[in-house]
Every structure is written in structure tokens, then in C-alpha cells.
Amino acid sequence: MFKGILIEKSGAGQSALMAQLNEADLPDGDVLVDVAWTTLNYKDALAITGKSPVVRQFPMVPGIDFAGVVAESDNSSFKAGDRVLMTGWGMGEKRWGGLSERARVKGEWLVALPDGLNLRQAMGIGTAGFTAMLCVMKLKEQGVTPDKGEILVTGAAGGVGSVATALLAARGYDVAAVTGRSEEAEYIKGLGAKRIVDREEFSGKGKPLAKEQWAGAIDVVGSNVLANVLAGVKYGGTVANCGLAGGMDLPTTVAPFILRGVTLAGVDSVMCDRVKRVLAWQSLARELDLEKLERMLNGVSFDVVIRTAPLMLEGKVRGRQVVPVSGLVS
Ligand SMILES: NC(=O)c1ccc[n+]([C@@H]2O[C@H](COP(=O)([O-])OP(=O)(O)OC[C@H]3O[C@@H](n4cnc5c(N)ncnc54)[C@H](OP(=O)(O)O)[C@@H]3O)[C@@H](O)[C@H]2O)c1
């Protein structure tokens, strides 16, 4: 038996509790992993609170990522003792996830822990940091290089936004960071942002086009914020969007696309192909300043994850929420 968070559904709705689970309950897969660290991501908070229909089948162990040590393997790429990480592939949505002391998964979904990161740091980065790197890679693919001008990052005090800010600064971009929390300005500047922009400037219904200001943007918010970001992107620029922290709608017009050639590029980490995954993790291990990563991390004990989830949805947590499951670091 081992501990895991379980989301159950009954006539009264869904609820999450810490449960004793059995290995026989775990889904099929060819690799059994002892989970060392996991994280609380925005999507996990949605799943745990039931605020959004993230969970597709019940009962469900939430947790869209984990890092740990292989306990048993029938997959030729992994053996007992290997240090691995996993993000996405429907974990915590359609398949039991990482908020559990043990997880059984398909080996093809695992990534070997990259050199230069320990298990705690890997989950300090987690899905949010991995997605931030995918967004940074997307801007580069679109030709948005540091010489083109300032990059706007929304939700900058959150998980994706914090890592995106640090990664962009490390690559030599000038970052303008949008936040609704002025008290986090020094934290965000410490990650490398050149200036802070008040979220209020983006929250209202804006015009189809505004002054051209940013060469590109990484947006985690959606809704009016994304619409206003698009309106202010320079001719030929790109916005990489990966999130909906402000809403799923997008009240914009085609003006930025047809008059300024702006690209809105979607970023998904869940089904991202394996080659890109490995590349992104190697780049993270190489480029992310681990001292800055340390500043982003908040330890959340496994036992208080369920209580922390609503705070995350209220935008009250900063950076990345790392959860020691076994607490093994190396
Ligand atoms: N596509 C993917 O594969 C993928 C992967 C990871 C995450 N995501 C999505 O990306 C988003 C961010 O994830 P995260 O882990 O960074 O979450 P997070 O740590 O909770 O950060 C979200 C940030 O967004 C801002 N925010 C929150 N509510 C807002 C609102 N109503 N209006 C405007 N801004 C608001 C806040 O930043 P400030 O306080 O600084 O303003 C908050 O810190 C989520 O929607 C998540 O589901 C998508």
C-alpha cells in the first residue's frame, strides 16, 4: 500500500482526499516508478477543486508530472534505479498521475533525468517550466530574436511566467513582465525582467490595434489580456499562448493578423513529441540559472496539496509549488 491523492465523483459532486492505494489499482504500463517529487500545477488545482472538467474519468489520481526512480521496468530503455521524469500524456486527466508515491506508466513517455538537474530541480521546473521552454523555442522558430525588441510575458509571477522570464533573460531578450501583483515586482526583476507592467493595462476590453510595442510575447492568461497583447505586437511579431488563467475566451479581431502579420502560436506540452521534449529538457538543464530556479520554488508538503489548490486558482501562490513525495533529491 502507498499514499496518493484520489479524486472521486459521487452524486454530490467530486471530492479529493489523501487515500491508501494499492499497486494493483495502478494503470497498465511497462515501468513502475517510485515518485520522489511532484508539483502542483494550475491544471492540478483545477482538477483537485473540480473548477474545470480536467478529470475525464474517476477515480483519478491527479498530478500532471513527476520525477522519480524506476522501481521495475519491462521497457528496454529503462532499468531499476534510473532517474526519470514525466510530464503530460494525459496524466492526471485520463491516467493516474504523479500526486502519489508510486506511478505506473509507459516507458515511451518517460524522459531520462537530464545531466545537470537533480530530481527536485526537475520538478521545480516541472510542466510549467517545460512549457515555458516550449514557448521560448516557439518564439525562436518564428524568428523572434533578441535584436527584434522587447518580449512581453504575462502571468509573470506564476509558474510558467517565472520560468519564461528567466529563460528569455538568459537568452539575451529584454523582458517586460505583466503582473497583477505589484508586491512581486522585485521577485520578477530578480528573475531578469527589465520592467514591470501592471496587469490592469491589459484587463479591459481593448482596441483591435494599439501602439506597436512588443516583438513577441508569451501569454498564459488568454481572454482580454491576450487580446490586448495581440493589439500591441509589432509588425511580423509572434505571441506564444499556452494558458487560460484569465479565461478561455479570446475577444479579439483579425486586425493584428491581417494588418500587422502577427502570428498567434499555440503551445501544448501534453502531447508534445518526444524529440522536442528531450531537446527542451536538455536546453532547460543547460540554460536555466539554478539559483533563479531556487528563488521560484515553494515547498508544499504532500499533506497540504489539497488545501493549496484553491489558493493557486486565486492567483495567490508565487512561482513553482514543489511537492516532496518521498523527498529523495539526487
Ligand atoms: N498548454 C500547456 O501545455 C500548459 C502547460 C502548463 C500550464 N498551462 C497553463 O498556463 C497557465 C499558467 O499556468 P501556471 O502553472 O503558470 O499557473 P500559476 O502559477 O497559477 O500562474 C498563473 C498566473 O497568471 C496570472 N493570473 C491568474 N489569474 C489571472 C486573471 N484572472 N487574470 C489575469 N492574470 C491572471 C497570475 O500572475 P500575476 O499575479 O503575475 O499577474 C498567476 O500567477 C494556466 O492556464 C495553465 O493551465 C498550459
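**Exercise 1.** Determine how the shell around the ligand divides by class, and which residues come nearest.

*Solution.* By class, the shell holds twelve nonpolar, ten polar and three charged residues, where Ala, Val, Leu, Ile, Met, Phe, Trp, Tyr, Cys and Pro count as nonpolar, Asp, Glu, Lys and Arg as charged, and the others, Gly among them, as polar.

The model is predicted, local features need pLDDT of at least 70, side-chain atom pairs count only at pLDDT 80 or more, and totals for chains, interfaces and linings use all residues. Residues are numbered from 1 along each chain as its sequence is written, and side-chain values use heavy atoms, with hydrogens and water left out.

**Exercise 2.** Find the distances from oxygen atoms of the ligand to polar side-chain atoms of Thr179 and Arg181.

*Solution.* For Thr179, a polar side-chain atom lies 2.6 Å from a ligand oxygen; for Arg181, a side-chain N or O atom is 2.7 Å from a ligand oxygen. Polar contacts are pairs of N or O atoms within 3.5 Å.

**Exercise 3.** Which residues lie nearest the centre of the largest pocket?

*Solution.* The ligand sits in the largest pocket, meaning that more than half of its atoms lie within 2 Å of the pocket's grid points. Of the 50 lining residues, Tyr42, Val220, Gly243, Leu244 and Ala245 lie nearest the centre.

Key. Near = heavy atom within 4 Å. Polar contact = N/O pair within 3.5 Å; in protein donor to acceptor, adjacent residues only side chain to side chain. 1 Å grid on protein atoms, 1.4 Å probe; cavity = no way out; pocket = protein on both sides within 12 Å on 5 of 7 lines; lining within 4 Å.
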